[in-house]
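User: I have a model open here and would like to talk through how its chains meet and how one of them is built. Could you take me through it?

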Amino acid sequence: MKKNVNRNHIKESLAYRIFTVFNTGFILLYMIICLVPFIHMFALSTSSVAAANGNRVSLWPVEFTLSAYTEALSDNQILSSLKMSALRVVLGVAIQMLFTILAAYPMSRENKAFPGRKAYVVYIVFTMLFSGGFVPSYLLIVSQLKLANTVWALVLPNAVPVFNLIILMNFFRQIPKEIEEAAIVDGAGHMTLLTRIYLPLSMNALLTLVLFACVGHWNAWFDGMIYMRDPIYYPISTFLRVTSDRIQNVSTMEDARLLMRISPRTMIMAYTIICTLPIVCVYPFLQRYVKSGLVLGSVKG
Amino acid sequence: MKKRILAGLLALVLLLTVAPFAMAEDKYDPLGRYEEPVTIRIMREKQNIWFPEGESIYDNVITRFIEEKLNIRFDIVWAVEDGQYGQQINGAMAINDLPDVFQVDASQLFQAYRADQIQPLQEVYDLYASEEVKEILSYNNNLFFSKSSFDGKTYGYPRTDDFASGTPIMFIRQDWLDNLNLKAPTDLESFIAVCDAFTNKDPDGNGLHDTYALAMDSAGSYNMYCRAFAHMTGNVADAWLEGEDGTLYYTDIQPETKEWLKVMQDFYAKGYISKEYISLGTDRMAYEISGGKTGIMMGYFWTALYQPQMSVIANPDAKWVAYPIPAYPDGSYHVQADNSCYSWLVVNKNFEHPEALIKLQNLWYEMWRGCYSDWYHGLNATTYAEAQEDFKYYPPFWWDPPLKNFEIGANLRKVYDSGNMDTSFIDDDPEAVKAFTVMEDYRNGNKENYYGWSHYTNNMYAWNVVEDVYGGTDPSRYMMSRSQAPMTSKIARRLPLVDSLRTESFDKIIMGADLDSTFDAFVKRWNSVGGKDLYKEYNAWYKENKNVYWPD
Amino acid sequence: MIRSAAAPRRSLLARSKIRETWPMHLMMLGPVIMIFIFAYVPMVGIVIAFQDYIPTKGFFGSEWINFENFEYMFMLPDIWQIIGNTLIISVLKIVTTIGASIIFALLISEVKSKTLNKVSQSVILFPWFISWVILGNIFKDAFGLNGMVNQLIKSLGGNEVFFFGENGLFRGLLIGTNIWKDLGYNMVILLTAISGIDPTLYEAATIDGANKFQQKLKITLPSIMPMIVLLFTLALGGILNAGFEQVLVLYNNAVLDSSEILDTYIFKISYYESQHSLGTAVGLFKSVVGTICLCTSYFLANKLAGYRIF
């Protein structure tokens, strides 16, 4: 068998080798393209205000300085935003994972083994399509539940992430039924099956979903903008969005006077880097599970 | 029967609440202190204001002063991010969960009125507003109230802006002019010449073809450029004016509009305007300006505070000077101005003390230039000097009289004209004295005092332009749109449509679309998407109200 | 799976007596309640699409105007353009992103070095996790006239390209940056499918004298075809979401003609102009069409790929 492969190699060596070289080169080039924007961002944030405003920065800091960072991090706003984002991620991910697991287990069952499953599917999928829109959600969360300015307004409304639920459900379906059978024979209940068999066997999928949930919560900005009425409760993404939106249209003297105090470009870039950094830190540890944890659908036998 | 008892009780309650005032000597004292504390729930922007240790927007020297004088307290229920106020009010209005006193724009004011969320203020305004305040706010035949009045009653307390807030002023890099031995342009022809030189003749002398003339962007100052271009071809942009038959017509659908669009189109084609102006917000254009890429701005009278100041900080050699925009073809000036009130303070229907707002504004006037002015400006000059002009943001509500900056400019000129730099005779205008101090600090060699620099540029150059060239404070010298009607359901729906249609079509033309056909298509669509309705609505209102606001 | 299952297994796993299944219903209870409160309760508000909504009168006191909002919506001059943009941008994004990810999956599967293989996957997937709010700031700089991209074009001797000003180019920018961001995600899924292919198939082909290229065409592609079809059909369900955040942070007046999509439009009229009834009407329209698309895609997935999504 090895012989065959070798022979094949020799036969195609020239064309294939050229291809390999180009292929590797191409992949490397594309990797650079993936990273360049972030390098540019970093270079801008560490350049002097004059250089950044003067469009003189590309991939290397000009007149290197960390003043944008020291200024950003000495600002209470940034610190409290980071705190809010962290709290949101911790609570939000915990809640999402709990409900995703709880729902994915029964829903991974066949229709026959779990009567009513179809109804649940329709019930859940319907919410992917229809929503009440801005006013009623706002009314519910702000007026009825009084959640404005609390982290709960950010974590409760999407406690059941439908997309993640589908991924986990499909992962559960892949688990060989033989293992489960043995446990059933031993008299295991559903809770035991879930905690002793399904969860340990689904670590890859679970970690993938944790990554998704973390990033989802970290990046969300719109809910923060409407439910947080005091910027000290803004998550960092909301803060970034609101700030970069605000400096785009200055037409009153008040705006101008206030904006003069946050020499914009380097600061915005520093905020951007600060906002990206946690993802950069978490990503290497969790991304390797994505490949095996992401299961989109299941084969019909 | 039950109803009657209820009504009786209600009357009694009313009587009891009104009673203390009835017994007071002056029933409607503009500064009358409440016996019982009155708390106003408000929303306010956080604003990046300097406070001394221990003070904040929640509790500071001014809010304590207000409590002492009027017994009014503020409960800041919503402390929102700067720039988010409007959206948060939209949300609050949508679920009917509103502060007691809040600020709205014309469209929000109409929606709140329609939803019955706010109360009329006419009566309390007439009863409580102090004479000085009434005098100031009646500027221009009460035009500040036109958009907030429904059925002859005002629902909004105008938050006035400077009378020149919509008047374009031209800022130029004087050092560039000097480099090229040019004079500031005064008409279309010389303007084109200067723009061409700024674009093609290397005004910054760096040997590169890397500059362009006009710092036009698509955001904050876009309208200023339209107004300036319209002016230099003898037209008016985006306004409703009275035609010969006495009805209002919209300027931008008239064929003459093509005259100035043509000029802008040429400018774009020749590269005098940034090729990517359309995608540049104020921020990105500010980077271009401070990066020394461009040398002419059509700005506001206060513009020196922002982009030119950034430019001077980045490059101390940059020298920005304010000039009048190029004149009408016949050399005269008929510059556009706004009815300089863009927002109003309104009072929640359920709030029991609408007069508290009137009193607060009275008190603000007294602090600014009345009986408490020494105290107020004294504080601002000493303990609170670091807050600079932001000191006025300490209380939640304040206002700028429309002629405030103009008077400051006039007083400063008096000082400089007198030659002996003596400010004692303008002591009744403490803000002018304050401005004089920072300006002198800058002029006497503290070149790092950029704030002084901006003040100097604004107050000397820009003010001179308004006073000497544009016509000072005489409203008849300016062109002002007469579409000052309060919103109606129709206007509220159509206005965003036609406005966005206008900017979209004009941008296309500027960027090179065929002038005639694009413009004709624009006029046609303008009529069909709602322009005709606007025409009807505005004219119906104008017929009724012309004599009220334009009595001549 | 159940169809091919052996008889005894069925009896164990498929028992449907309530005594056996109540714990599963109990598990569903939490999610069901949360969804009810935060998704179904607000749906009451859909009624304002048929009303002239006035906040003080509420959802049930406002005047009913039946389909007036919808009539108005379809009279709006731009609505067909907006619907068209939504569909065009969406379809182009789906096709290009999945197409590019197929190519990249095939290329990366040929990378022999294990390290490069792993690292390149991680790097290419990375942008998927970064939000458009962050990327918007960067792309506006990079693709501006003085940005890095144009500097590169100019240094290669080309003319500067105004990505943010021309309708066609801007759409290209939307699609290109979308490929850049979303490519990695689909690629990882496809690579999983590729690594699941039985290696003996390749060996057999090698013996038959097929070269690498032929192998890709004849073995790899057909093997991952169900997954590709699945990706397409899944994307079809979201065809009216043409990428709200991306468009919102990147577009401007000059390119409205080519880039205003339903979601940005709804955002504008509800959030900035407070036309809540109209906004809800447009949203409802979008939901109805979205439902049709999702149902279609569900059945297509089932039929074409033999996949079951839910």
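User: How many residues do chain C and chain A put into their contact?

Analyst: Keeping in mind that this is a predicted model, the contact takes 77 residues from chain C and 81 residues from chain A.

User: And which helix gives the largest share on the chain C side?

Analyst: That is helix α2 of chain C, residues 18–43, which supplies 15 residues to the side of chain C that touches chain A. By class, this side of chain C divides into 49 nonpolar, 22 polar and six charged residues.

User: Switching to chain B on its own, what is its secondary structure?

Analyst: Chain B comes to 20 helices and 15 strands. Its C-alpha atoms fill a box of roughly 85 × 60 × 40 Å along the principal axes, and 49% of its 552 residues count as buried.

User: How does its radius of gyration fit a compact globule?

Analyst: It agrees, because a compact globule with 552 residues would have a radius of gyration near 24 Å and chain B has 25 Å. As for its contacts with a separation of 6 or more, residues 24 or more positions apart account for 74% of them.

User: Now helices α17 and α18 of chain B, at what angle do they cross?

Analyst: The axes of α17(B), residues 430–443, and α18(B), residues 450–470, come within 8 Å and cross at roughly 110 degrees. That angle makes α17(B) roughly perpendicular to α18(B), and the crossing in which α17(B) passes α18(B) is left-handed.

User: Which residues make that contact?

Analyst: From α17(B) they are Ala435(B), Val438(B), Met439(B), Asp441(B), Tyr442(B) and Arg443(B), while α18(B) brings Tyr451(B), Gly452(B), Trp453(B), His455(B), Tyr456(B) and Asn459(B).

User: And by class?

Analyst: The contact of α17(B) with α18(B) has seven nonpolar residues, three polar and two charged.

Methods
Residues numbered from 1 in each chain as written. Chains lettered and ligands numbered in written order. Predicted model: local features only at pLDDT ≥ 70, side-chain atom pairs only at ≥ 80, totals over all residues. Axes fitted to C-alpha atoms, helices over the stretch in contact; angles between N-to-C directions. Helix = DSSP H or I, 4+ residues; strand = E, 2+ residues; numbered from the N terminus. Parallel < 35°, antiparallel > 145°, perpendicular 65-115°, else oblique. Left-handed = near helix turned anticlockwise from the far one by under 90°. Contact = placed C-beta atoms within 7 Å. Nonpolar A, V, L, I, M, F, W, Y, C, P; charged D, E, K, R; others polar. Rg over C-alpha atoms; globule rule 2.2 N^0.38 Å. Buried ≥ 20, exposed ≤ 12 C-beta atoms within 10 Å, placed from the backbone.
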